[in-house]
Amino acid sequence: MVSRRGLLIAGAAGGAVALTPAGWAVAGPRPAPPLDPRDIPKYVTPLPLPRAMPRDLGGPDADEYAVAVRQFRQQVLPRSLPPTTVWGFGSAAHPGSFRYPGPTIEARAGRPVRVTWLNQLLDRRGRHLPHLLPVDPTLHWANPAGGDEGRDHAGHFRRTPGPYLGPVPLVVHLHGGHNRQESDGHPEAWYLPNCRDLPAGYARYGSSYREFGDRYADYRGTRWSPGAATVEYANDQRATALWYHDHALGLTRLTMYAGPIGLYLLRGGAADLPPGVLPGAATGPAGGSARGHHEIPLVIQDRSFTADGSLRYPASRAEFDGRPGRYVPETDVSPIWHPAVFADTIVVNGRTWPVLEVERRRYRFRLLNGCNSRFLLLSVAAHPTARPARPAVPFWQLGSDGGFLPAPVRLGKLPLGGGSRVDAVVDFSDVPAGTELYLVNEGPDGLSGGPGADLEPADPHTTGQVLKLVVTEASGPDRSVPPDQLDLPSSRPLGPAERVRRLSLNETMSTSPGAGPVAALLGTVDRAGRAVPLRWNAPVTETPRLHGTEVWEFHNFTPFAHPIHLHQVQFELAGRGPTGQQPPSPAERGWLDTVAVLPGEVTRIKARFDLPGRFAWHCHLLEHEDNEMMRPYDVVPSGGAATGDGGISAEGSSGLGLAGMAALGAAALGAGMLHGARDPGSTSVG
């Protein structure tokens with residue numbers, strides 16, 4: 001069996017700081033030995049619920065927030081162990097609101113939300129704080145040290161450099177949001193904190209920051225200030241759970257690992273259910289304790305720690321030995337970047353292995369996989385370590401990334417890819433009081449090969465356990481509707497597609513023997529079925545027409561599954577399998593913004609692009625996203641420039657129908673990843 005692929009965390013890095021007033025802190029790195037996850041007590045900390053984000057203003061046309069990211073210390077490990085230095089979001093006007101994960105933004109369908117996102121990664125004297133984790137400056141990344149000419153490019157070095165220690169870029173993306181381009185959190189629209197000690201020659205912001213700032217000023221009359229960006233979320237989409245996180249070019253894996261993420265719950269509208277139909281809060285807005293609440297957000301992540309409580313992330317491609325500056329020999333491999341990172345401890349809502357008391361009634365769980373690289377396979381079991389796990393109670397999945405499914409789906413085991421969300425009801429009504437149950441994970445401790453792959457499940461003593469559930473007597477009647485009796489809001493499916501784009505998922509290996517991957521890339525598929533890998537800064541090849549509907553075919557030329565995320569749109573899964581013609585499972589028939597693309601298969605999605613401008617699509621394995629597995633796409637006006645990938649519209653069809661596309665798909669999979677192809681293409685709908 002393939003077990004963990006040698007990609008378990010082996011490095012120690014990070015810093016610990018002392019808490020100062022208003023959530024500010026001063027950096028002070030203190031390397032320490034790794035903390036063995038088996039020495040971390042389990043199920044001694046009650047599960048906390050994310051608090052609601054304090055709102056600054058609520059005018060006639062929008063809710064307004066000023067939200068900052070700061071550095072502070074939080075008790076992530078049990079209280080018998082040291083606190084952890086993290087980054088997190090909070091209201092700039094409410095110092096006590098800063099948490100990891102950040103407070104939840106509660107939004108209403110049809111009512112816009114305006115947020116000023118502030119980069120306040122500063123000490124109390126206004127000087128910049130370095131990143132908590134090792135930043136590889138050799139990647140194609142934000143690169144503020146490159147100045148205005150070299151930003152958003154790879155650094156150039158004569159010898160292997162150490163980690164970047166300058167001010168940290170930040171830009172916030174609302175994952176799953178349907179928003180204008182200037183509010184999308186583009187990877188090159190980052191900005192540094194407004195620090196007093198900016199090194200000479202550094203770029204203060206990314207190459208797209210001023211353009212998008214000018215667009216927002218033209219739209220709303222508000223100019224962006226240094227160290228900040230103001231955006232507007234229209235909330236003109238179906239009720240669902242979104243989430244916000246950093247998206248700065250080449251840094252997402254590190255900054256998200258450090259802590260600044262948060263949920264964004266969009267409620268109401270025609271695509272929601274009336275209050276009381278689903279389990280919900282019994283005692284007002286969530287804040288701290290889960291007691292009395294029957295809608296439970298679960299932000300699931302994996303993290304590793306050092307003995308002093310610091311976050312631990314690999315500091316080099318070689319096994320880290322505790323001495324900074326020791327890297328692999330000079331090769332074509334970036335010295336710090338890893339193909340994937342699988343931490344050894346599970347964290348839920350910012351606490352390691354917490355415990356949740358549940359009454360004998362129904363609960364609504366809003367689940368998010370916030371791991372860097374890990375696919376989860378969850379079930380509620382009676383025993384924490386028995387494998388294969390036997391589900392004790394089922395999940396009733398009601399919704400996916402973009403809202404409710406056509407009908408509830410009963411599942412014993414719930415798959416959850418990186419960045420994906422699931423809305424599910426679990427019914428404890430028939431479970432005797434005093435019963436102890438466990439939310440367990442059987443996803444692998446390594447890159448997933450998809451269903452049927454010969455991979456060991458996660459370590460049942462550590463990463464195979466997520467949460468303990470202790471059943472108590474019900475404190476009152478449960479008036480929610482049983483999930484199998486729910487009539488979920490319907491939605492109109494997308495119409496016919498006018499174009500099919502054939503896109504590739506690729507991996508580039510090092511020329512040095514045994515050095516492993518250099519990068520993961522996206523690209524196109526040429527007319528001969530060969531992959532054409534492309535980097536982030538290659539010319540744009542995906543240019544859908546404004547208000548057009550397209551099918552995108554993802555041909556996976558790698559041996560692993562990848563969660564692929566498109567900004568701006570929610571899409572339908574049209575098919576899977578060797579030719580992409582196998583229908584989706586019932587749990588995948590809702591709206592998605594992130595889809596698991598399995599190895600050796602073609603995954604077909606259908607999307608309508610109704611907002612003009614520049615957006616991104618990428619792998620949500622964060623280590624891949626940060627090293628070239630991300631591409632821009634442009635939504636162009638009707639009658640605009642022709643597609644850059646040689647696509648053929650339905651009107652200009654060459655007569656290639658579905659059978660022809662299937663044959664090409666099979667040929668592409670048989671060809672493997674071939675380099676040197678120069679003729680990317682897409683096909684008509686037939």
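Analyst: The discussion below begins with the chain as a whole and then turns to individual strands and cavities. Please note that this is a predicted model.

User: Fine. How many helices and strands does the protein chain have?
Analyst: The protein chain has five helices and 36 strands.

User: And what share of the residues counts as buried?
Analyst: Of its 686 residues, 62% count as buried. The accessible surface of the chain is about 24400 Å², and carbon and sulfur atoms account for 53% of that area.

User: What about contacts between residues at least 6 apart in sequence: what percentage join residues at least 24 apart?
Analyst: That percentage is 77% for the protein chain.

User: Let us look at β17. Is it mostly covered or uncovered?
Analyst: Strand β17, residues 362-369, is mostly covered, with eight of its eight residues buried.

User: Which residues point which way from β17?
Analyst: R362, R364, R366 and L368 point one way, while Y363, F365, L367 and N369 point the other way. Residues on both sides are buried, the three arginines R362, R364 and R366 included.

User: Which way does β12 pair with β17, parallel or antiparallel?
Analyst: Strand β12 (residues 295-305) pairs with β17 in the parallel sense, over six bridges. Within this pairing, F365 of β17 is the bridge partner of I296.

User: And β23, parallel or antiparallel to β17?
Analyst: Strand β23, residues 421-427, pairs with β17 in the antiparallel sense over seven bridges. Here R366 stands opposite D423 of β23.

User: Remind me, what do strands of a sheet pair through?
Analyst: Strands of a sheet pair through backbone hydrogen bonds, in either a parallel or an antiparallel arrangement.

User: Changing topic: what is the strand order in the open sheet of four strands?
Analyst: The order is β5-β10-β9-β7, and the pairing is mixed. The edge strands are β5 (102-108) and β7 (172-175), each of which pairs on one side only. From one strand to the next, the twist averages 20°.

User: How many bridges join β9 to β10?
Analyst: Six bridges join β9 (residues 240-246) to β10 (residues 261-267), and the two strands run antiparallel. T240 stands opposite L266 in β10.

User: Last topic, cavities. How many of 30 Å³ or more are there?
Analyst: The structure holds four cavities of 30 Å³ or more. The largest cavity contains about 80 Å³ of space.

User: Which residues are closest to the centre of the largest cavity?
Analyst: The largest cavity is lined by 13 residues, and those closest to its centre are V171, E182, G185, A229 and V231.

Note on methods. Residues numbered from 1 in each chain as written. Predicted model: local features only at pLDDT ≥ 70, side-chain atom pairs only at ≥ 80, totals over all residues. Heavy atoms only, no water. Buried < 20%, exposed > 50% of the residue type's maximum accessible area, 1.4 Å probe, protein only. Pairing = 2+ DSSP bridges. Contact = heavy atoms within 4.5 Å. Areas by Shrake-Rupley, 256 points an atom, 1.4 Å probe, with all protein chains shown as cover. Axes fitted to C-alpha atoms, helices over the stretch in contact; angles between N-to-C directions. 1 Å grid on protein atoms, 1.4 Å probe; cavity = no way out; pocket = protein on both sides within 12 Å on 5 of 7 lines; lining within 4 Å. Points joined across faces, edges and corners; volume = space filled by probe spheres on them.
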